[in-house]
Amino acid sequence: MNNLRRLINKALLGMAVGTLSLGISTSALAETDFTDKTIEWVIPFSEGGGSDKWARFYAPLLSEQLPGKPTVVVKNMPGAGSTKGANWFAERAKNDGLTILGTSGSTQFPFLLGDPRVKFKYSDWPIVLASSTGGVAYLPAELGAKWKEDPKSIMGTNFIFGSQGATRLDLIPLLAWELLGMKVDPVFGIKGRGDGRLMFERGEANIDYQTSSAFLSKVMPLVDEGKAVPIMTWGALDDDSNIVRDPTFPDIPTFKEVYEQVKGEEPSGPAWEAWKAFFIAGFPAQKMVMLPKDTDQEIVDTYSDAFKAVTQQDDFKAKSEKLLGVYEQVTGKKAASFKKLGTEVEPETVAWVKDWLGERYGVKLK
Amino acid sequence: MDIFNVALPALLEALTLIFTLDHIGWLVVGVLLGLAVGVFPGLGGIAGLSLVLPFIYGMDPVSGLAMMVGLVAVIPTSDTFASVLMGIPGSSASQATVLDGFPLAKNGEAARALAAAFTSSLFGGLFGAVVLTFFVVIARPIVLAFGLPELLMLTLLGLSMVGVLAGNSLLKGVIGACLGLVVGSIGEAPAQGSSRMDFGSWYLMDGFQLVIIGLGIFAIPEIISLLRQDRAISKSGELGSGWMVGVRDWWDNIWLSIRCSTIGVIVGVIPGLGGSVVDWIAYGHTMQTAKDKSQFGKGDIRGVIGPESSNNAKEGGGLVPTLLFGIPGSGSMAVFIGGMILLGYDAGPQMVTNDLPITYTVVWSLALANVVGAGLCLFLSGGIARLTTIRFPLLVPFLFMMIAFAAFQSKQTLWDLTALVLISILGIFMRRFEWPRPAFLIGFVLASQAEVYTYQAFQIASTKFKRGAEVGFDYILSPIVITLIIITVVSVWLGAKQSAAIRPPSEERVWNKSPSVIFTLVIAVFLFITLIDALLIDVMIDKVFPATVAGVALVATLLLLLQMRQQPATSPVFYDGEVASEDAKAPHGLWPMLSWFLSLLVLTGLFGFVIALAIFFVTFLKLHAKVSWLRTLILTVGGVGALIFIAYMLNRDFPPGLLQSFTELPWPLSGR
């Protein structure tokens, strides 16, 4: 019955798209106006998570900047690590500009790794906003002091890291540390990075990383107390897509720099390519706002402009710093290029990652 | 930290912030919203908070916090209405309350039970705030002392309550708990994400939500039973003792209330456990310390006072991990943190240094909200308790509506209702054959914690042991762990002694063996499938837990079957509610009544929830309750209208049916 329904849905959607595209030729000239409309912002995660907070932060600001000041409501549609909500958006959302989708690294990773449950294609969706973030790795005081002298001196340490799973965002730190030659045993099964930090504070884990905003508010106090030492960031992307120092943490070296220091050469080869690709998907292009397939360019532009206006407000920087970090909130062409970098990865690179996950952690991806 | 020089001024600053008209006004708004939302089971704090979040942005921080705190604080208070009056566990906080609260309502003592519950809630909430005021400043190192071995031991302590709650057969208790653990581990494994028992289904991939299990195991079996008996919830059809008696009951058990509030604060403070077990631990403690245990489960007021004292105290305790570590103890706390960020405050260690006045504002707003909320509930309880005197068939459509809507909040698909029906059938049979349903629920609630903590503690301990035996033992045998082991052992020992003390039903009876045996065999088959499924998992760490639990449960089931083979037909092992309980004399059969609920499911599958509900209301009220057309119409419009209003306010959707995939209908008929 499910298949039948899906078929019917598809047929209906097809018809709807057909009639709409007929209508577009006439309506495209009309100004987009959302007066008295309600816009549903689908977040494929549950309430209270990072993506939920991000969307709820933006929703009222977006509402102010869209023509006609529509109500923007956040609609949580969790399931299967966000694949479910994204699939729903691909199959069911109408391209009238009243439904938008917020995705995160957790949506991109299954897509990149070819999870058979994924029924959506990023290339179908026009992007109107990309929110970057960064990540910082840190050690306990004692190990941190040794690291400061010479990272090579503690490469043999048995590191314990609280992890949400090797196929999640934690893939980036795990792969980075492995490339450096560190011996890190992930303890899987934590529910969020907060749990990992708690493990670190309890002395059960002796290496951890947090995304920028969490690092600023919850690890910085530990650093000030002398209980934690930041050792590397994952970096940020410059305009030419090179990895450079993280603007939020200009004093902390990037993983790439640490690699050069430890190995005495620039990172290269398939492992590095894989790391870079997944890093971009996971951090600089972590959260993105998408419109449905075949949305009228006029509507896309309206959203793009609205987000641009939001991010250019005078007090936006101050407001967003706390929640989003001091990263660029990217709109327009640059957002499109971030999306491309974060969602289009060479098949060989994907194959390499899959092999590595299988060999190292016994994860078999279909 | 100097408590007096830092904490006192901060406390004073907070109190002057709180006792302003503006603050109290917003707090009351939050409380009223929370009450309105909390009465609906399954919606709880998340829905309520999501409703106010859009307005939070740009509000004055203290007013915004007041509104949010008011809303969160009253959820574990207001959900007591559903637990006591209808046997519906409103949220995880009020599951144990159902055990004695609902029987009290059936005995016509709803007003008394509610009053005792609200007084206990009020006390627990205030107690939590007082303790927290001093504790929050020194909490950090204490919270950090609870590592994985300690968390694991606490989880085991929670599981050991099964021994107390097992009733007359410890074997059934063990199997029930294991069954809960197994059902709780369905879906993606917490460690490496292997799929378990999902048979490729989208729905099962994320596992079952607590709402579905609570409703299916507790609420539906009771409701179906009442429906079969065709009477008011209150046996006599009248209200016995009033709410004053309930308040006096609480006063008579004040020490119990203090002890359970303490349990609530402690368990709440520890991150990672969540509030899901606190009411069970409190209930177990209440039973263990009571002299006369014969009335538990049949309507002992202490069974209401214990858990209700603990669950509001827990809310206060839960602020510690939420505010100090940014680790929310529950879904609503997660949304709460989000709201705080919108107001310009981020959870973290600075909450007890720079932002201490704000922390105290939250703590004491919580206390104040408890007073307002519980007071209001107390005031309303006498009137609302009259619901128990109404002819039950008139309530049924409303109950089914609330339950179905609550279940649908789980994942917002029709499968929620299907899952609910399946779990309900399990619940109905567990009730019939006297399998301890609390044991199942405890197992379910603790499944992922039990698995994850075992595995994580084991892995970290093994690396500590590699560094040296002393380091290893220091880690796994900390003073806290040893204390917890002692408490657990004593609790199990007391529990075992008690189950021996509880007499089997006095009347001798010759049972028909086969229904019990067949049910046990069905359970055995399910466990066997689980075992096979677990053994087929590739990743080792995702396999061990379900395989072990299913294995243990299978052995226990085989022992039970052996017992059934050997014991005479007079043994209480063969208890059958269809013969022995009040169900035996019920005018209606089980299946016809269950099929009323099934019909709601089928209709929803065809026409979507709203249309299905309208058809169901009319059909049920006309055919079963046999009321006049006019009343049918009024009740239908009132019920469906109220639901649509709430869904609209909370921005919730309804399950669509086949009809909706053919035609475009306007909301609310559209579903989504």
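Mentor: Buried area here is the accessible area, taken with a 1.4 Å probe, that two parts lose on being put together, summed over both. The model is predicted.

Trainee: What area is buried between chain B and chain A?

Mentor: The contact involves 58 residues of chain B and 57 residues of chain A. Carbon and sulfur atoms give 54% of the area buried between these chains. The buried area itself is about 4800 Å².

Trainee: How many salt bridges does the rule find across the interface of chain B and chain A?

Mentor: Over all chains, the structure holds 26 salt bridges. Ten residue pairs are in polar contact across the interface of chain B and chain A, with both residues at pLDDT 80 or more. For salt bridges across this interface, the number found is four.

Trainee: Which helix of chain B gives the most to the side that touches chain A?

Mentor: Several helices of chain B supply at least two residues each to that side, including helix 6 (110-144), helix 7 (148-165) and helix 19 (437-467). The residues on this side of chain B divide into 31 nonpolar, 15 polar and twelve charged. The most, nine residues, comes from helix 19 of chain B.

Trainee: Which residue of chain A forms a salt bridge with B:Glu188?

Mentor: The closest N and O atoms of the pair are 3.3 Å apart, and the cut-off is 4 Å. B:Glu188 lies in strand 1 (residues 187-188) of chain B and its partner in the loop between helix 4 (105-112) and strand 4 (127-131) of chain A, so the pair joins two chains. The partner is A:Arg117.

Trainee: And which residue of chain A meets B:Glu664 in a salt bridge?

Mentor: Side chains of opposite charge can pair when their charged atoms come close. For B:Glu664 the N to O distance is 3.6 Å. The residue is A:Lys94.

Trainee: Which strands stand at the edges of the open sheet of six strands in chain A?

Mentor: The sheet has the order 2-1-3-12-4-13, with mixed pairing. Each edge strand has a single partner strand, so one side of each is left without a neighbour in the sheet. The edge strands are strand 2 (71-76) and strand 13 (329-330).

Trainee: What is the bridge partner of A:Thr38 in strand 2 of chain A?

Mentor: Strand 1 (residues 38-43) and strand 2 of chain A pair in the parallel sense over six bridges. In strand 2, the partner of A:Thr38 is A:Thr71.

Trainee: Which helix joins strand 6 and strand 7 of chain A in a right-handed β-α-β unit?

Mentor: Strand 6 (residues 158-163) and strand 7 (residues 183-188) pair in the parallel sense over six bridges. One of these bridges links A:Ser163 with A:Phe188. The helix of the unit, residues 171-180, is helix 6 of chain A.

Note on methods:
Residues numbered from 1 in each chain as written. Chains lettered and ligands numbered in written order. Predicted model: local features only at pLDDT ≥ 70, side-chain atom pairs only at ≥ 80, totals over all residues. Heavy atoms only, no water. Pairing = 2+ DSSP bridges. Helix = DSSP H or I, 4+ residues; strand = E, 2+ residues; numbered from the N terminus. Right-handed = clockwise from strand over helix to strand, strands pointing away. Contact = heavy atoms within 4.5 Å. Salt bridge = Lys/Arg side-chain N within 4 Å of Asp/Glu carboxyl O. Polar contact = N/O pair within 3.5 Å; in protein donor to acceptor, adjacent residues only side chain to side chain. Nonpolar A, V, L, I, M, F, W, Y, C, P; charged D, E, K, R; others polar.
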